[in-house]
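Good morning, and thank you for making time for this presentation. Please look at the sequence and the model on the screen while I go through the pocket and the ligand.

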Amino acid sequence: MRRVVCPGSFDPVTNGHLDIIGRTSRLYDEVVVAVLINIEKTGLFTVDERIDMLQAVTKEYGNVRVEKFHGLLVDFCRQHDIPAIVKGLRAVSDFDYELQMAQLNYRMSGVETLFMSTNPEYSFLSSSRLKEIARYGGDVSGLVPDLVQRLLIERLRG
Ligand SMILES: Cc1cn(CCC(=O)O)c2ccccc12
């Protein structure tokens with residue numbers, strides 16, 4: 001069983017994330033989407049709400065499992081018998097940090113990191129920018145799944 005993890009905060013999941021997850025699901029037997037529990041940062045959505053959204057929008061792929069974790073990603077990988085991480089790279093600016101993390105993770109655990117180029121259509125997209133646009137009434141259709149758009153508007157505009 002060739003398994004890989006796609007880690008992130010996913011607050012909320014965007015079409016950029018989904019693009020990478022969907023393409024990865026065609027390369028591996030199982031994709032584990034790992035939602036980071038960050039106790040220092042309260043997000044717009046709770047971790048369980050983010051998991052529910054991810055499960056709903058990745059169901060169609062058939063081989064994506066959504067889990068939550070806190071602490072080191074490589075410990076999560078060891079516990080779940082996952083030998084590799086897939087990271088989406090949006091721009092050169094992502095690479096510096098991601099390369100450092102990949103080297104650290106490999107040194108700590110032997111877990112490999114594979115980089116996938118994001119669809120240029122989403123290379124500007126991050127959850128934080130998306131939330132800013134939605135917060136001030138901007139149109140985010142096409143940037144997130146319809147379900148996420150509805151939940152964003154509901155959460156931000158009450
Ligand atoms: C482009 C990209 C960024 N991230 C982390 C986003 C986050 O930490 O919320 C991803 C996670 C999965 C697939 C693609 C991506």
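The largest pocket has a lining of 49 residues, and those nearest its centre are Pro7, Gly8, Ser9, Lys87 and Glu98. A pocket here is an open set of points on a 1 Å grid over the protein atoms alone, where a 1.4 Å probe fits, with protein on both sides within 12 Å along at least five of seven lines; lining residues have an atom within 4 Å of a point. This is a predicted model, in which local features need pLDDT of at least 70 and side-chain atom pairs count only at pLDDT 80 or more, while totals for chains, interfaces and linings use all residues. Residues are numbered from 1 along each chain as its sequence is written, and side-chain values use heavy atoms, with hydrogens and water left out.

The volume of the largest pocket is about 1400 Å³, taken as the space filled by probe spheres set on grid points that are joined across faces, edges and corners. Its lining comprises 22 nonpolar, 18 polar and nine charged residues, with Gly counted as polar. Helix α4 (92-109) gives the largest share of that lining, eight residues. Helices are DSSP runs of H or I with at least four residues, and strands are runs of E with at least two.

Which space does the ligand take? It takes that of the largest pocket; the criterion is that more than half of its atoms lie within 2 Å of the grid points. Around the ligand are Pro7, Gly8, Ser9, Phe10, His17, Ile20, Gly88, Arg90 and Thr118, where near means a heavy atom within 4 Å. Of the ligand's 380 Å² exposed when taken alone, the protein buries 85%, by the Shrake-Rupley method with a 1.4 Å probe. Both β1 (3-8) and α1 (15-25) supply at least two residues of this shell.

Let me turn to the backbone. A backbone N or O atom of Ser9 is 3.0 Å from a ligand oxygen, and a polar backbone atom of Phe10 lies 2.9 Å from an oxygen of the ligand; the cut-off for such polar contacts is 3.5 Å between N or O atoms. Phe10 belongs to the loop between β1 and α1, and its phi is positive, near 55 degrees. Pro12 lies in the loop between β1 and α1, and a cis peptide bond with omega of about 5 degrees joins Asp11 to Pro12.

Terms used. A polar contact is a pair of N or O atoms within 3.5 Å; within protein, one must be able to donate a hydrogen and the other to accept it, and residues adjacent in sequence count only if both atoms are side-chain atoms.
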